[in-house]
Every structure is written in C-alpha cells, then in structure tokens.
Amino acid sequence: MTLTSNNTSPWTQPESTHPQTGLRVLNSLTKSTVPFVPREGNYVSWYACGPTVYDAAHIGHARNYVTFDTIRRIMEDYFNYDVNLVMNVTDIDDKIIVRARHKHLVSEYKSQIASLDAKTLQDVETAFHDFVGTKLGETITNDAGWKLYVDKVGDGKNPEMVAADEKFTTKFEAAQAAFEAIVSARLSMAEGSASKEAAEALVVASEDVLAPWLDARLATTVKDHRIFRDLAAHWEKDFFEDMDSMQVRRPNIITRVSEFVPEIIAFVQRIIDNGYAYECEGSVFFDVDAFDGKNGHFYAKLKPTAKGNQALLAEGEGVLSQTKFNRRNKYDFALWKKSKAGEPEWPSPWGVGRPGWHIECSVMASEILGEHIDLHTGGIDLNFPHHDNEVAQSEACFDNHQWVNYFMHVGHLLIEGMKMSKSLKNFITIKDALKLYSVRQLRLLFVLTPWNESLDFKMQAMPDIIKIESSFDNFFANASALLRDYREHQYESDGKRRFLAPEMELLDALKETKSLVHAALMDSFNTPAAMRALRSIVSRTNVYLQRGRANIDPQILEMVALYVTKIVRALGLGNDSSLSAIGWGASPSSTATDGELPADRESVLRPVASVLSDFRDAVRELALSGGDKRALLGLCDKVRDVDLVDLGIILDDHGDGSALIKFGDPEKLRRERAARQAEEDAKQAQKEAAARATEAKRQERLARGKLSPMDMFRTAEMAEQYSAWDDNGLPTKDQMGEDLPKSKLKKLAKEQSAQAKLHDDYLQYSSIAARALRRVAKQELQAEIAKRQGVAVKYAKWDSGKAGVSAAIPDVETRPKADN
C-alpha cells in the first residue's frame, strides 16, 4: 500500500476579472470559508448528486434537497447569479437491481399460485429457515426452535443485537411475520380452506423472506432491462412529486445514468489510456496507487483520514459487487462492473457490464458542464468514498488538478437524536412529514439550522417553528390590511405630517436589518442569522404599529413589509409570485394572480354573500322579536369568529371602533381556532377541577365542624383518656384522675378554639342552607298556587261565567258543574 499520508491537498483560489459579489462559502475542499469566484463571470456551473431511485424519499432527502434549493434561490434571487444546475438520477445501481428482481420474482411466483397447497407452504417454510440462517445467523429446524429464539431476543430490539446489526430489528420482524403467516396457513389447510386468496395472503405476509430465497434461485432468469427501468421510473416520478410538494425548483438539466452509458465507456477508456485504471476479469478498476501522489494528483481530497477505510469502500461498491477480484490493491474501486446473469448489461471493450457508481456522476457532470465545474453539492455521507472517487477519476481523465472548485456538503439529519432507520421505527417519508406539518414549517426548520451542521428533527421543537411562522403570518396580514386601507384614502390629506421621529427610527432599523441580512447571506449562506434579523425588524415594526392607525405612516410599513417579503421568498419560504404583493405569495394551487379574482367571480363572492345574507336574516329576526343588544353583539361575534374565518377573512377589531380586514389561509385559521378552543377547554376543565377540589375541602371542613367544641372531648374515644371536664367541655383530669399539666391544657384549649371556629362555620352554613330550602319551598308553593288558580280561571271561562270562580283554591281533579 502506497497511499499518501497527506491530510490536506493543494487548492487554488479561482480568479476572475469580472466584478464579484463578495460571497464566501464553506468549502469542503479547504475545510474553511473562502471567496466564491465563478470561472465565467456570474455564470455558476453546479452539479448536484441526485437520488438513487428505488424507494420513497424521506425527511433526510428533504433536508438535503430543500437546503440546496434554498442556497440556489439565494444565489439566483438575491445575488443574481446565473445558475446552471445539473442533477443526476441514478437508475443503474445494485439496490435498484436487487429491489426490481425481488419485486418481479415475487409477482411472478404469486401469479402462478392457484390455491394454498403443500408446495407453496413448503416453499415459504424453506425460505423462512434460509432467511433466519443467513440474515439472523440462527439455525432453526422447527417451530419450537423459533419460539425459543423469540424468547431469547424478545421483540427484536435488544440493544446489543441492534448495535451489532442496525437492521436486526427489521430482519427479525420480517421473520416473525413470515412465521405467523406459516402457522395461519397450516391452520387454514387443516380446516380445508385452501383458496387462492389464502395462498396470496401467505406470500404477501412472507414477501421479505421469500424474495431473497427466490432471488438466490431465479435471479439469472431476469433479463429484461425494462424490469429495472420500470422500478426506477416509478420512484423517480415519486421523488420529483415529493420535491414539487416541498417547492424545490427543478434542476435546469436532469441526467440519467442509463442515457450516458456510451459516454461512460469512453470516459473509462480515457482513464485507462492515461495510466490510472486497469482491466481485471471483465471489470475495470481505478488504480489508486498510480494516481495518489503522482503527477501532482492527490486521492481523498475531501476526507483524507478515510483513505483505505474498507467498510466505506465496500459500501460504495454495492451489495452485488463483493465478488473477490484479483485487483491490484484492495482500495482500488470499480469504474466498470462485469455484469452477472440477472443484472442489466451493456457491451464494452472489456465485455458486457454496467457502470460503477462513482463514474456515473463524473461523466454526466463533465458531459454537460465541462472539464471544470464551479460547485458540486451533496450530503455529508457522500464525501468519501463517492465524491473523493469522483474527483480522482475526473482529474485522472482530464489530467487536471482541480476538477471542482467548491464542494458543499449538507449535514446529517437525526430523528430525536438517533440515526433515521426503518429498524428503529423512526423512518419518516416526505409524504408522512407533510401530513404532520406544512411545507413552509419544514422549510423554516431547515432554514433556521446552519446548512452544514447536523439537524436533530424533534417533534417537541416544531411548536416553536409554528410560532415563528405565525408571527410572520400576522405581520404580513396586518401590513397588507393597513396598506389596503391606506391606498383607499392615500390622496386624502389632513395637512398633518406623519413621517416623524418614530418613522425615522424604524427606517434606520430597516437599514441595519438590510446590512445584517446581507452580511449573513454573504457569510456562506448563514440563513439562521438572516432569519434572526428579519424576526427582529418584524418585532420592532409590530411595536410601531401599536401606536394605532391614526398615528403611523403606512409608507415606512410598506418599505419594511416589501423587504421582509423579498428575503423570505429568496429563502424559499414563500412562493414564486410577484414581489409587488406583500407576504408569502399566492398558494401554488391558486389559479389567481396576486390581487386578482379568478374569472369565476361567483365562486369567490357567493360564500361571502351567503354569510351576509344569513347575518341580515338573523338581525331582522332579532329586531322584530325585540331582542337586546347583547344578542346582536353575539351575532356580530359569530360572523367574525366563525363564518368569516371559514372563508379566510379576519376582522381585527381596533380601539377606534372599526375593524381591520385581513386575509389568511382558511384551513390554518380553522386549526388555530380549534387550538384556541382546546386551550380554553383545558383551562376551563382545570378551573372546574380546582373548584371541585376546593368544594371537597370545604365539605370536609364542614363535616369536621359538625361536632360541637363542647362535645369534642366527650366522644367515646376521648372519654377513655379523660375523667373530668369543665363547664365548656374542656378536660381537666386524665383517666387516672390526675390534673392535666398546664401545657396539656393549653394545647387542648387551642384545639377546642379551632374546633369552635369550624363549628361556627358549620352553623352559619346550616342556617344559610335552611333559609335557602325554605325559600325554595316557598317558591314551589307559590308556583303550585299559581297553577291551581290558572286551572280555576280556565274552568270559569269554560263555564261561560255561570259557575263563577271560587275564592278558594279548587282541587285540580274536580270539574265545575253547570247550573242546569
């Protein structure tokens, strides 16, 4: 092994004759912040490592692509760079091959099943035992053996076993699901139920153990390239749908590995011709020793400490590429892989094969962007071996010493302090995340974290993110409403100057904010610092607005609001709509442009007209029935708090007697209303619980006060302790006839005094209760008298005055008789 021991490699600061922005970036090649100087003026050639499309995108992908989308937006919308972003889609990869084969083979197997029979059951049982042996390292020959194993490992989350194999829990759960399906299938067969549905249920439940068993036996039969391409196409579409949902701008150019195979072959041949690669048994490997430290080249520029790390190198080669080749050195990596049966293949000078992982990006980036690239980005986990191998093979091909000028790597994403993993049950897809939080809330979370640092995604932190979003929501709504009101009367003047000292102070604060934001964004896209500055100016402006509508100048408010709008949209927190409108921008699903109604005016106006009509009907009914003003105000509150909120209209009551009209997202307003109601209900429940506790204490105190202080020491229990008492019931002698000590008398007197107070309270309560009972009884009697008198009057009318009305109260059961 002749790897160089350098921990740093030479890096040359790019130069340009064009004016520069002053932007500095944290460059992974130098481990420091350096001036960002594109090679061609303000044109930035940027290559981003894209997804390997074989499964759903998760929140870690969101952190990566949203973060670099934010940086791209800052470069394009704030610094005005002309960015050409190229991103690849890896659609040839070991993971894709394995996943596609598994899916295809299980589907084929299931299609051939007519019923649940002994062969199907035997296949699944064999696959189960094989899976347990190869994946869990346990030899199981019967059901009892598996049950003993389950007793030993429990739920499969044993820390020692998970530490040894982070996928242990997932493997164990797959085996347990298969075992339960096998037992259920046996029972079905014993009961004579052997339907096709029962067989398919067995296969579906056992798919994770059946697939590798089928693959080991039938992989060589899978030859159609469409099987691999179809899987990749499905997940590529799913990925970009997720990116669209997260409002990530599409790359300027998307490349797929499968479309660049001829170029990859030519690229590999050029490296061989330059003396930095060699053919071995139908594959081609990069010769690290021939490159590292030779002709001014250095290997592992990004992470020199990882040189020779066999675990990382093996992971980079892929699960299907662990075949022992007679490569010159164990750290040489594959540029071209000889295809085995059951793998996609293309003809090449070295035989049929497929591209290695690292070579893909080198070729696609260089084919589109050339032999020198300004910026290359990706996740921190890609720095070695992927990006280091990209750099080495590209510089070997072009025989240059700085293929990429700047590398930027986004930090890891953790879930509650732990690595995200399906085994740990903390795997969150982008779709799942968007069921919990809005796009803006997730993007806010990313923007408020330094892009190069690890981000710990904690549910308990999200309420703070939501509060920050709400603070901007309220600011934009207030500003828009005040400015709308101002424009309606902007040409009406009372001759009073309004741009005075408070406005000048706010203007100075805005200037300072612009300076702080600019410095933050120039400092390697320090978005947390930029957001702190924005939050500060919003808070300061809110304080200014508390002066009241009559005492503010809307012009300075507009200056602040438009600037905040510009920056939040440059950070990707708003939508790509006209900056003349204040706020986040129109919803992506909206068909209306800012400030305009859709062509179908009725669809917009009908809900508002319906609210007004219902309100008018209720007011008329109230007026005609002689209702009081409290009922009228209740109707007004209902319109404000319920009806208009459901339409996204906010009436913000002001001290001058008029309301400020604001607009918001109806769904968000409803959620906020529900949250406030839930908070009020919780407070009310807490209040009622406290009242019940207080009442319980009062009742307990009254119960204790029922006993007279004169009798408290004469109870059966006390009579055994004392033999004599004074006229007030205070003991004077103990049970032996001895006088009680003065200290004892003093203590007993104190207890009697306390009981006297309790007893007085009890008597007072009893008196009040008695009066209340008498009052209720009297009211009930009066009601009964009134009822009987009413019956008498009724009967008198029925008798047409012939019988008259007796002064006495008649029995309600007695009917008066007519004279005749």
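Threonine 70 lies in helix H1 (residues 59-78); helices here are DSSP runs of H or I with at least four residues, strands are E runs of at least two, and both are numbered from the N terminus. This is a predicted model, in which local features need pLDDT of at least 70 and side-chain atom pairs count only at pLDDT 80 or more, while totals for chains, interfaces and linings use all residues. Residues are numbered from 1 along each chain as its sequence is written, and side-chain values use heavy atoms, with hydrogens and water left out.

- Threonine 70 is buried, with a relative accessible area of 5%; buried means under 20%, exposed over 50% and partly exposed in between, for a 1.4 Å probe and protein chains only.
- Neighbours within four places in sequence aside, threonine 70 is in contact (heavy atoms within 4.5 Å) with Arg443, Val447, Thr527, Ala570 and Leu571.
- Arginine 72 is also in helix H1, and its relative accessibility of 5% makes arginine 72 buried.
- With neighbours within four places in sequence again left aside, the contacts of arginine 72 are Trp46, Val83, Leu85, Arg249, Arg250, Pro251 and Asn252.
- Between arginine 72 and valine 83 there are 7.6 Å from C-alpha to C-alpha, and the two are 11 residues apart in sequence.

**Helix packing**

- Two packed helices are described by the angle between their axes and the distance between the axes.
- Helix H4 (residues 143-153) packs against helix H6 (residues 168-190) at an angle of about 145°, and their axes are 12 Å apart; axes are lines fitted to C-alpha atoms, for helices over the stretch in contact, and angles run from 0 to 180 degrees between N-to-C directions.
- H4 contributes Asp143, Trp146, Lys147, Tyr149, Val150 and Val153 to this contact, and H6 contributes Phe168, Phe172, Ala175, Gln176, Phe179 and Arg186.
- Eight residues of the contact of H4 with H6 are nonpolar, one is polar and three are charged; Ala, Val, Leu, Ile, Met, Phe, Trp, Tyr, Cys and Pro count as nonpolar, Asp, Glu, Lys and Arg as charged, and the others, Gly among them, as polar.
- Helix H10 (residues 261-273) and helix H13 (residues 357-369) have axes 10 Å apart and pack at an angle of about 105°.
- That angle makes H10 roughly perpendicular to H13, a term for 65 to 115 degrees, where under 35 is roughly parallel, over 145 roughly antiparallel and the rest oblique.
- On the H10 side the contact is made by Glu263, Ile264, Phe267, Val268 and Ile271, and on the H13 side by Ile359, Glu360, Ser362, Val363, Ser366 and Glu367.

**The buried side of helix H7**

- Ala198, Ala199, Leu202 and Val203 are buried in helix H7 (residues 196-205).
- These residues are on the same side of H7 because they cover an arc of only 140° around the axis, the arc being that of the directions from the helix axis to the C-beta atoms.
- Helix H2 (94-111), helix H3 (118-135), H6 and helix H8 (207-218) are among what covers the buried residues of H7.

**Backbone geometry**

- Most residues other than glycine have a negative phi, and most peptide bonds are trans.
- Phenylalanine 384 and proline 385 are joined by a cis peptide bond with omega of about 5°, and proline 385 is in helix H14 (residues 383-398).
- Glutamate 416, although not a glycine, has a positive phi of about 50°.
- Glutamate 416 is in the loop between strand S12 (413-415) and strand S13 (418-419) and is partly exposed, at 39% relative accessibility.
- Serine 524 is not a glycine either, yet has a positive phi of about 55°.
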